[in-house]
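Here is a short note on the ligand site and the pocket around it. Please read it with the model open.

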Amino acid sequence: MAYDSENIFAKILRGEIPCDKVYEDEYALAFRDINPQTPTHILVIPKGAYVSSDDFTAHASDAELAGLLRAVGHVAREADLVEPGYRILANHGADAHQEVPHFHVHIFGGTDLGRMIKPADK
Ligand code: AMP
């Protein structure tokens with residue numbers, strides 16, 4: 001799948017639409033999810049143009065890979081989620097219902113998240 005430079009996170013990265021930013025560095029931008037699923041719900045995205053987890057892990061440089069993961073850890077620490085805990089998740093493709101075609105990691109926290117996931121009824 002080719003990268004669509006008009007996707008909403010690309011527009012946020014270019015500053016064309018606003019976001020509730022919590023962190024930014026050379027490799028990553030983190031902002032609050034517009035429709036939070038948990039008391040704390042933050043998205044961390046790479047600055048590079050990657051469609052999904054598959055694209056990012058196949059094509060990003062080692063520095064970009066490390067930079068994104070370091071940013072996830074930093075944001076979780078800054079949000080005071082290390083204790084009592086948090087969950088990170090990235091949706092790829094149709095079965096995971098990925099909505100925005102720019103790779104992003106969700107950070108969920110601020111409540112008991114239960115164990116793992118509940119698949120939707122088909
Ligand atoms: P996914 O299903 O993994 O692609 O998740 C996309 C996420 O992006 C959803 O949780 C949306 O609520 C969130 N989202 C969509 N548009 C925005 C926006 N403009 N600012 C912040 N979060 C957004």
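How many nonpolar, polar and charged residues does the lining of the largest pocket have, by class?

1. The model is predicted. In it, the lining of the largest pocket has 17 nonpolar, nine polar and nine charged residues.

2. The volume of this largest pocket is about 1100 Å³. It is lined by 35 residues, and Gln37, His41, Asn91, His106 and Phe108 are the closest to its centre.

3. Several elements supply at least two residues each to that lining: helix 1, strand 2, strand 3 (40–46), strand 4 (86–89) and strand 5 (105–109). Helix 1 gives the most, with three residues.

4. The ligand sits in the largest pocket. Two elements give two or more residues to the shell around the ligand: helix 1 (8–13) and strand 2 (28–32). Helix 1 again gives the most, three residues.

5. The shell itself counts 16 residues. Asp33, Asn91, Glu99, His104 and His106 are the closest to the ligand. By class, the shell has seven nonpolar, six polar and three charged residues.

6. The side chain of Asn91 places an N or O atom 2.8 Å from an oxygen atom of the ligand. For His106, a polar side-chain atom lies 2.8 Å from an oxygen atom of the ligand. Ile34 uses its backbone: an N or O atom there is 3.1 Å from a nitrogen atom of the ligand.

7. On its own, the ligand has 510 Å² of accessible area, and the protein covers 87% of that.

How values were computed: Residues numbered from 1 in each chain as written. Predicted model: local features only at pLDDT ≥ 70, side-chain atom pairs only at ≥ 80, totals over all residues. Heavy atoms only, no water. Near = heavy atom within 4 Å. Polar contact = N/O pair within 3.5 Å; in protein donor to acceptor, adjacent residues only side chain to side chain. Areas by Shrake-Rupley, 256 points an atom, 1.4 Å probe, with all protein chains shown as cover. 1 Å grid on protein atoms, 1.4 Å probe; cavity = no way out; pocket = protein on both sides within 12 Å on 5 of 7 lines; lining within 4 Å. Sits in = over half its atoms within 2 Å of the grid points. Helix = DSSP H or I, 4+ residues; strand = E, 2+ residues; numbered from the N terminus. Nonpolar A, V, L, I, M, F, W, Y, C, P; charged D, E, K, R; others polar. Points joined across faces, edges and corners; volume = space filled by probe spheres on them.
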